[in-house]
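Subject: Handover of a structure and a summary of findings

Dear colleague,

Please find below the structure that I am passing on to you.

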Amino acid sequence: MDALLLFIAACAASALGGILGMASGIFIVPILTQIFGVEIHIAIGASLVSVIACSCGSAGQFLKNRLTNTRLAIVLETATTFGALTGVLLIGLISPPVLYGLFAMILTISAKQMLTRRYEVIAATPINQTRWATTLRLHSSFPESQSRQEVPYYVSRVPLGMIFMYGAGLISALLGIGSGVLKIPAMDSALRLPIKVSSATSNFMIGVTAAASAGAYFVRGDIDINVAGPIALGSVIGSIIGARLLIGLPADKLRIFFVIILAFLAFQMLMSAFDIHIFAGTLWSLRKGI
């Protein structure tokens, strides 16, 4: 029964995260710590496994629809992986209360991002202003499902994007999230990518970022197969559902719903930073009383 509940929670979290181009980690860690009463390092280890599963589950769908810029993903992943490895070195140096507080801050940033409407930006930047992207041949196009037209886009400010990706990898290793909440706004603002392209490319990258730090958690003994197993399986199924919804449905209708969820989780994680666990282990306590 425990495995079934974990599976359902991971499936729902991955589907919700996939709609807006995020991995399930942004929801998995708070769910495991606040509802299932899992220790935060074990929760982060399970979340990293779920992030890898999410990436594998959704990548095929995005590649099939030509939304993923694979060349750009490979370039950016060098910075993200380096950031993740830096985060691995800091894992044992940061206390759980600090991790809870940092996670609350990331959730708050995510909620703020959801409230800020993300407009499609098709940058018609002159080639001489995007020389990095031109040299690396990062400019591309994607098919717009609604207009059924091929939409070209130009990648800009690659060095700035690399700096943001390093920070995203660092946060991913410390918190066990796919860092899509950081990568997507970085791609939107710094690289000037269309929303669907940034979401799809982020999903393609998050698995590599998580894999760079998951090994360290495994060596530390922070990956519990009894938790990570059903979480990973549910994440694969949920990510496939989320990928299909992202392609066919507008995310704006779900924006307020996500803001409410993220704000609630941020509040819970902030309380945990001060050792106030309001709902921690609630599910387990109820089951023990039955």
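A residue is called buried when its relative accessible area is under 20%, exposed when it is over 50%, and partly exposed in between. Asn-69 has a relative accessibility of 6%, so it counts as buried. Please note that the model is a predicted one.

Asn-69 is found in the loop between helix H3 (40-64) and helix H4. Apart from its neighbours within four places in sequence, Asn-69 touches Leu-138, Ser-140, Tyr-153, Val-155 and Thr-201.

The overall picture

The protein contains twelve helices and two strands. Along the sequence, their order is α-α-α-α-α-α-β-β-α-α-α-α-α-α. The protein has 290 residues, of which 52% are buried. Among contacts with a separation of 6 or more, 82% are between residues 24 or more positions apart.

Helices H4 and H7

Where do the chain segments of H4 and H7 meet, and at what angle do they pack? The axes of H4 and H7 are 6 Å apart, and the angle between the two helices is about 40 degrees. Their crossing is right-handed. The residues of this contact divide into 13 nonpolar, seven polar and no charged. On the H4 side, the residues include Val-75, Leu-76, Ala-79, Phe-82 and Leu-90, while those from H7 include Met-162, Met-165, Tyr-166 and Leu-170.

Ala-79 lies in helix H4, which spans residues 70-90. With a relative accessible area of 10%, Ala-79 is buried, because this value is under 20%. Leaving aside neighbours within four places in sequence, Ala-79 is in contact with Met-162, Met-165 and Tyr-166. Ala-79 and Gly-167 are 88 residues apart in sequence, yet their C-alpha atoms are 8.7 Å apart in space.

The aromatic pair

How many aromatic pairs does a search of the whole structure find? The search finds one. Phe-82 and Tyr-166 form this pair, which is tilted, with 5.6 Å from centre to centre and 40 degrees between the planes. The pair links distant parts of the chain, since Phe-82 is in helix H4 and Tyr-166 is in helix H7 (residues 158-175), 84 residues apart. Phe-82 has a relative accessibility of 52% and therefore counts as exposed. Tyr-166 is partly exposed, with a relative accessible area of 29%.

Two arginines with positive phi

Arg-137 is not a glycine, but its phi is positive, at about 55 degrees. Arg-137 lies in the loop between helix H6 (131-135) and strand S1 (140-144). Is Arg-137 buried or exposed? Its relative accessible area is 59%, so Arg-137 is exposed.

Arg-157 also has a positive phi, of about 50 degrees, although it is not a glycine. Arg-157 is located in the loop between strand S2 (149-153) and H7. Its relative accessibility is 37%, and Arg-157 therefore counts as partly exposed.

Yours sincerely

Notes: Residues are numbered from 1 along each chain as its sequence is written. This is a predicted model: local features need pLDDT of at least 70, side-chain atom pairs count only at pLDDT 80 or more; totals for chains, interfaces and linings use all residues. Side-chain values use heavy atoms; hydrogens and water are left out. Helices (H or I, at least four residues) and strands (E, at least two) are DSSP runs, numbered from the N terminus. Buried means under 20% relative accessible area, exposed over 50%, partly exposed in between (1.4 Å probe, protein chains only). Contact means heavy atoms within 4.5 Å. Rings of Phe, Tyr and Trp (its six-membered ring) pair if their centres lie within 6.5 Å; planes under 30 degrees apart count as stacked, over 60 as edge-to-face and the rest as tilted. Axes are lines fitted to C-alpha atoms, for helices over the stretch in contact, and angles run from 0 to 180 degrees between N-to-C directions. A crossing is left-handed if the near helix is turned anticlockwise from the far one by less than a right angle, and right-handed if clockwise. Ala, Val, Leu, Ile, Met, Phe, Trp, Tyr, Cys and Pro count as nonpolar, Asp, Glu, Lys and Arg as charged, and the others, Gly among them, as polar.
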